[in-house]
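Me: I would like to learn how to read surface patches and ligand shells. Could you take me through them with an example?

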Amino acid sequence: MSRLPKAFRKRSVRERNRLLGELLELSHDERAALASGHGLLDLADVMVESAVGFMPLPLGVAAGFRIDDETYDIPMATEEPSVIAAAGFAAAVIRRAGGFCTWADEPLMTAQVFLEGVPPGGEAAIAAAEAEVAAALAPLLASMQHRGGGFRALRARRALTGTAAAREVVCAEIVIDVRDAMGANVLNSAAETAAPILEHAAGGRRVMAILSNAARERRAGARFRLPLSKLRRGAHGGQALAERIVLANEIAADNAERAVTHNKGIMNGITALALATANDTRAIEAAVHAYAAREGGYRALTEYRIENNELVGCFSAPLAFGTVGGAVGFHPVARSALRLLGDPGSERLARIAAALGLAQSFAAVLALVTEGIQAGHMRLHANRLAFNAGARGEEITRVAEQLAQTGSFNAETAGRTLQELREAHDSSGL
Ligand code: MEV
């Protein structure tokens, strides 16, 4: 069961904020940070250079995700109106069919040290320096090792193409199990610590030393199986809907322009979770899109098929989420977001992200192959029109409902509707 009270999403925003604070037993400061960013100016100052304030985004919750037989209420930070609604819708449909199954690789990340002017045989010399590199990194990795992670491998390969200078370049890769960290800091330190040893072993000079955000060995994936009898939308039956979803996915597998938008739909969920938990959204996005292009062409990252009267949906990609270190560890809103998820480790968070990405894609494609996405978007857009017209509190819902009823989604109608609403309110003597 979701930990949130029934009909949570139908409560007012102030009530939802209060209820969440109570549920998570947030301190006064944590609640203030969640509600308004209040008290975070010093935090902004230590997070970035030349801080002047915040760019607050809405934080919402997509409730009731069933993932590996547990229920999760997923925090999401996003500026796009339909994203959380779509995630919550998909969560409910898939929950009724048993939920998502997920998996994740060990949290292995790679740091790269590029050396130039490396004579033939340099790669083998680097490989032979593995024990020396491991010993040099031991102090840096001690706490990670204590938690079951640490140094895993050293390998090297030569650039085989390019100019003569490029062909003398060797890339040494240091593989580290970073456990619950995203790992950027430790990998960069490891690469810089190892560089002089590698230079000496290979007989070359360091060009640069930095982690790779590709995170190819840190993938996570999710799958759902939805009986066709549980898939229905208006007049559309399960078989026809499932066939259209499979076809839409085949189009995205074949057409790169469509695949970009399709994968953007997946990332609507994953990035919103990354942002809510103060993870590195750019690193995760770069890795996911590079993975989508791993075979040359850019492809859709989901697969859908019909099997035994069920629609089967799958998604996998590198998902380098951290739950300790970096901004994750000290941003109070991110800490609250993680608490809502039951304080998962990095592997669990990546698995939740994979399920969320798949849910987001399923909801988007289902809408696209039926009524289109504008119908839902316009309903949510009506809230913004009402807000811009000056509506506040309950007025927002009432003006938006009126706009949806008339189908007239523009600023002028919103302004007029608000005025009429206020006049009716005044003349009723309330
Ligand atoms: C909109 O934010 C996301 C979609 O464009 C995704 C898709 O086209 O699959 C609806």
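Me: Which residues make the nonpolar surface patch?

Reply: Areas come from the Shrake-Rupley method with a 1.4 Å probe, and for residues only the protein chains shown count as cover. Here, Val46, Met47, Val48 and Phe330 make a nonpolar patch of about 370 Å². The model is predicted: local features need pLDDT of at least 70 and side-chain atom pairs 80 or more, whereas totals for chains, interfaces and linings use all residues. Residues are numbered from 1 along each chain as its sequence is written, and side-chain values use heavy atoms, without hydrogens and water.

Me: Is Val48 buried, partly exposed or exposed?

Reply: Buried means under 20% relative accessible area and exposed over 50%, with partly exposed in between; Val48, at 48%, is partly exposed.

Me: How far are the ligand's oxygen atoms from side-chain atoms of Glu80, Lys264 and Asn268?

Reply: A polar contact is a pair of N or O atoms within 3.5 Å. A ligand oxygen lies 2.5 Å from a side-chain N or O atom of Glu80, the distance for Lys264 is 2.8 Å, and a polar side-chain atom of Asn268 is 2.9 Å from a ligand oxygen. The protein buries 88% of the 300 Å² that the ligand exposes when taken alone.

Key
Polar contact = N/O pair within 3.5 Å; in protein donor to acceptor, adjacent residues only side chain to side chain. Patch = residues over 30% accessible without salt bridge, like charges linked within 9 Å, V, L, I, M, F, W, Y side chains within 5 Å. Salt bridge = Lys/Arg side-chain N within 4 Å of Asp/Glu carboxyl O. Buried < 20%, exposed > 50% of the residue type's maximum accessible area, 1.4 Å probe, protein only.
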